[in-house]
Amino acid sequence: MNYIKSDIQNRVGILTIDRPDALNAMNPDVLRELSQSLNNMILNEDVGVIVLTGAGEKAFIAGADIKLMQQLDLDGAQDFGKLGQDLTLTIENSPKPVIAAINGFALGGGCEISLACHIRFASENAMFSQPEVKLGLIPGWGGTQRLSRIVGKGIAMELIIGGQMINAEEANRIGLVNKVFPLDQLLNETIKFANLILQNGPNSVAKSLECINFSSGNTLKDGLNLEVETFTQLFDTEETSEGLTAFVEKRKPNFR
Ligand code: CAA
């Protein structure tokens with residue numbers, strides 16, 4: 001089986017979940033393949049930014065595979081939950097920015113995978129929900145934890161216990177997605193933003209992600225300590241020296 005398509009375009013790694021007959025729903029094989037492909041991109045020196053999207057024009061990811069979940073016993077459910085959570089942690093902790101290009105339904109586990117991405121861009125036809133309560137479930141791949149960190153506790157409560165779908169415009173209004181584009185422009189616009197990131201110092205981008213991620217679940221004092229420690233250590237790197245020197249010499253920095 002080959003559920004993930006990998007492509008590299010000028011240092012932008014594009015991972016496409018390709019299971020359109022099930023609206024890109026995630027079973028364990030898809031989860032494992034995506035984790036593997038993501039780790040390959042993280043290790044690949046030719047890749048600076050990773051884009052995650054779905055095949056077709058209808059779905060990003062329509063969630064965890066419901067037909068599979070119907071068969072799960074307790075051990076199977078725990079394994080499936082952990083597999084999905086491990087994937088979201090790999091995305092979130094990636095030193096290279098991961099941008100979700102959400103090209104349609106982002107439901108349940110699909111919405112949760114997008115929540116772990118550092119940035120979310122959506123097409124105008126994208127639809128979002130955490131519909132697990134309609135199935136007698138709760139979000140199992142981080143939704144109860146990450147959604148409130150992104151949109152606030154009150155809206156997360158409304159979306160998770162209501163289970164209702166919202167469109168891209170509403171998702172943008174509540175801060176669930178960063179930007180919305182027409183479907184035929186989504187990937188190009190996402191790659192354009194990836195190219196903007198690629199002009200910046202890769203180490204300072206990675207350290208920014210690390211410090212921002214640390215701000216969830218830690219005290220302001222601990223976060224400020226990490227920030228000043230990281231800021232200080234950068235002064236011992238060639239990248240920082242090059243960035244500062246280039247500004248003074250009125251030229252573009254050469255980070256790579
Ligand atoms: N799992 C398995 N198969 C799925 C699926 C899913 N999450 N979502 C869609 N499919 C399958 C459908 O069963 C259908 O397959 P068949 O033709 O073999 O029946 C195919 O994809 C096309 O779907 P529809 O015919 O339903 O397409 P539609 O346009 O009428 O509806 C939809 C689209 C509104 C997205 C609808 O498919 C739907 O509601 N899907 C389920 C979404 C959902 O509840 N996701 C959350 C899952 S729970 C979860 O993710 C738990 C967690 O936190 C980890």
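The model is a predicted one. Its protein chain is divided into domain 1, residues 4-198, and domain 2, residues 202-248.

**Between the domains**

- The count of residue pairs in polar contact between domain 1 and domain 2 is 1, with both residues at pLDDT 80 or more.
- By class, the side of domain 1 that touches domain 2 is made up of 3 nonpolar, 3 polar and 3 charged residues.
- Contact between the two domains involves 9 residues of domain 1 and 6 residues of domain 2.
- The area buried between domain 1 and domain 2 is about 500 Å², and 62% of it lies on carbon and sulfur atoms.
- Of the area that domain 1 buries against domain 2, 57% comes from Pro95, His118 and Arg149, more than from any other three residues.
- Taken over C-alpha atoms, the centres of domain 1 and domain 2 are separated by 27 Å.

**Salt bridges**

- Side chains of opposite charge can pair when their charged atoms come close.
- In helix 1 (residues 28-43), Arg32 and Asp29 are 3 residues apart, about one turn of the helix.
- Arg32 and Asp29 form a salt bridge in which the closest N and O atoms are 3.7 Å apart.
- Arg32 counts as partly exposed because its relative accessibility is 47%, and Asp29 also counts as partly exposed, at 40%.
- Arg173 and Glu170 form a salt bridge with 2.9 Å between the closest N and O atoms.
- About one helical turn separates Arg173 from Glu170, because they are 3 residues apart in helix 7 (residues 168-173).
- Arg173 is exposed, its relative accessible area being 62%, whereas Glu170 is partly exposed, with a relative accessible area of 28%.
- Glu189 and Lys192 both belong to helix 8 (residues 183-198), where they are 3 residues apart, about one turn of the helix.
- The salt bridge between Glu189 and Lys192 has its closest N and O atoms 3.4 Å apart.
- Lys192 has a relative accessible area of 53%, so it is exposed, the cut-off for that class being over 50%.

**Thr240**

- Thr240 is part of helix 11, which spans residues 238-248.
- The relative accessibility of Thr240 is 17%, so Thr240 counts as buried, a class that requires a value under 20%.
- Leaving aside residues up to four places away in sequence, Thr240 touches Leu234 and Phe235.
- A polar atom of the Thr240 side chain lies 2.9 Å from the backbone oxygen of Leu234.
- Thr240 and Gly201 are 39 residues apart in sequence, while their C-alpha atoms are 7.8 Å apart in space.

- Most residues other than glycine have a negative phi.
- Arg11 is not a glycine, yet its phi is positive, at about 75°.
- The loop between strand 1 (4-9) and strand 2 (12-17) contains Arg11.
- With a relative accessible area of 26%, Arg11 is partly exposed.
- Lys250, also a residue other than glycine, has a positive phi near 55°.
- Lys250 sits in the segment after helix 11.
- Lys250 counts as exposed because its relative accessibility is 79%.

Definitions and conventions. Residues numbered from 1 in each chain as written. Predicted model: local features only at pLDDT ≥ 70, side-chain atom pairs only at ≥ 80, totals over all residues. Heavy atoms only, no water. Domains from an automatic or database assignment. Contact = heavy atoms within 4.5 Å. Buried area = accessible area lost by both parts, 1.4 Å probe. Polar contact = N/O pair within 3.5 Å; in protein donor to acceptor, adjacent residues only side chain to side chain. Nonpolar A, V, L, I, M, F, W, Y, C, P; charged D, E, K, R; others polar. Salt bridge = Lys/Arg side-chain N within 4 Å of Asp/Glu carboxyl O. Helix = DSSP H or I, 4+ residues; strand = E, 2+ residues; numbered from the N terminus. Buried < 20%, exposed > 50% of the residue type's maximum accessible area, 1.4 Å probe, protein only.
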